[in-house]
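This report is written for a reader who is new to the structure shown below.

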Amino acid sequence: MGRLDDRVVILTGAAKHIGQAYARRLAEEGARLAICDIADCGETEAVVKEAGAEVLPMQVDVSDETQTKQMARQVIERYGRIDGLVNNAALFNGLHLTKMEDVEMDEWDRTYAVNVKGTFLCCRAVVPYMKQANGGKIVNIGSGIFLGGLTGWPHYVSSKAAVMGLSRTLAKELGAYHITVNTLAPGGTDSGAQFHRAEDAPIDPPRHRPLDRPAVPEDLTGTLVYLLSSDSDFMTGQMVVINGGIAFY
Ligand SMILES: NC(=O)c1ccc[n+]([C@@H]2O[C@H](COP(=O)([O-])OP(=O)(O)OC[C@H]3O[C@@H](n4cnc5c(N)ncnc54)[C@H](O)[C@@H]3O)[C@@H](O)[C@H]2O)c1
């Protein structure tokens with residue numbers, strides 16, 4: 001028996017890296033999945049099927065409200081309900097790691113369109129169905145990066161602070177419907193992602209991590225299962241930081 005048996009969960013940013021690890025674990029816990037990404041989700045679809053779970057792959061740009069509404073409708077058509085939403089999609093891999101003077105404002109706008117507006121639009125798309133069901137679980141993937149700050153990368157760092165603020169305000173609005181909204185905030189995690197670092201981009205000195213080893217996606221998956229399960233029914237508006245203790249919160 002899995003901890004999420006038969007729960008219908010939408011996972012965005014599911015095509016690769018950490019999103020794929022989430023998909024595998026949710027499948028192993030018995031969830032019925034809708035996996036969404038702007039990129040092709042074929043590889044993750046195979047991973048979920050191998051774990052023996054039902055899966056609906058969808059190509060969705062989370063920054064486009066027509067597409068996020070369509071995403072929710074398709075999940076209802078296929079599964080009849082939506083129990084959970086994981087907003088993992090973000091502009092992260094591929095962003096330019098630059099000082100503030102060098103941030104391209106197009107990249108700033110796209111970062112906010114995906115990381116902040118996209119998270120909001122996916123919430124807005126599923127909430128009517130969760131209200132009808134008088135319950136639901138939303139997990140927004142933030143980042144612990146803004147706790148210590150970073151020399152540079154202001155668009156990404158501030159977008160992830162906004163994700164926490166958004167989760168808190170939605171938690172207040174949706175508590176009356178038994179919908180929980182929490183933030184899962186990883187620290188730097190070895191996901192295979194690549195960054196574009198300008199030659200003169202700052203490199204912060206490494207900070208001491210009490211749990212002294214690199215983080216891997218599997219360090220995050222258990223907490224995600226908890227936040228989607230009934231074990232966390234009385235927890236909302238919180239941010240759970242998983243960073244080996246590199247910054248405390
Ligand atoms: N890897 C880390 O160190 C780390 C640390 C803290 C937080 N995070 C967060 O964890 C999540 C996953 O990180 P990752 O390392 O796997 O990053 P990643 O960049 O590899 O994955 C992000 C996914 O989002 C998808 N995506 C981008 N734009 C989209 C859009 N408009 N619509 C739908 N999907 C879109 C991408 O195709 C990709 O599959 C992100 O939210 C990231 O900000 C990562």
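## Aromatic pairs and the ligand shell

Trp108 and Tyr112 are both part of helix 4 (residues 105-133), where they stand 4 residues apart, about one turn of the helix. The model is a predicted one. Trp108 is partly exposed, at 25% relative accessibility, and Tyr112 is likewise partly exposed, with a relative accessible area of 25%.

The count of aromatic pairs in the model comes to 4. One of them joins Phe92 and Tyr156 in a tilted arrangement, with 5.1 Å from centre to centre and 40 degrees between the planes. Phe92 belongs to the loop between strand 4 (84-87) and strand 5 (96-97), whereas Tyr156 belongs to helix 6, so this pair ties together parts that are 64 residues apart in sequence. Phe92 is partly exposed, with a relative accessible area of 24%. Tyr156 has a relative accessible area of 5% and is buried, because buried means under 20%.

The rings of Trp108 and Tyr112 also form a pair: their centres are 5.2 Å apart and their planes meet at 5 degrees, so the pair is stacked.

Tyr156 leads on to the ligand. There are 26 residues around the ligand, and those that come nearest are His17, Asp37, Tyr156, Thr189 and Ser191. By class, this shell holds 12 nonpolar, 10 polar and 4 charged residues. Helix 1 (17-28) and helix 6 (154-174) each supply at least two residues of the shell.

| Residue and its atom | Ligand atom | Distance |
|---|---|---|
| Val62, backbone N or O atom | nitrogen atom | 3.0 Å |
| Asn88, polar backbone atom | oxygen atom | 2.8 Å |
| Tyr156, side-chain N or O atom | oxygen atom | 2.6 Å |

Taken alone, the ligand exposes 820 Å², and the protein buries 95% of that area.

Note on methods. Residues are numbered from 1 along each chain as its sequence is written. This is a predicted model: local features need pLDDT of at least 70, side-chain atom pairs count only at pLDDT 80 or more; totals for chains, interfaces and linings use all residues. Side-chain values use heavy atoms; hydrogens and water are left out. A residue is near a molecule or strand if one of its heavy atoms lies within 4 Å of it. A polar contact is a pair of N or O atoms within 3.5 Å; within protein, one must be able to donate a hydrogen and the other to accept it, and residues adjacent in sequence count only if both atoms are side-chain atoms. Accessible areas come from the Shrake-Rupley method with a 1.4 Å probe; for residues, only the protein chains shown count as cover. Ala, Val, Leu, Ile, Met, Phe, Trp, Tyr, Cys and Pro count as nonpolar, Asp, Glu, Lys and Arg as charged, and the others, Gly among them, as polar. Rings of Phe, Tyr and Trp (its six-membered ring) pair if their centres lie within 6.5 Å; planes under 30 degrees apart count as stacked, over 60 as edge-to-face and the rest as tilted. Buried means under 20% relative accessible area, exposed over 50%, partly exposed in between (1.4 Å probe, protein chains only).
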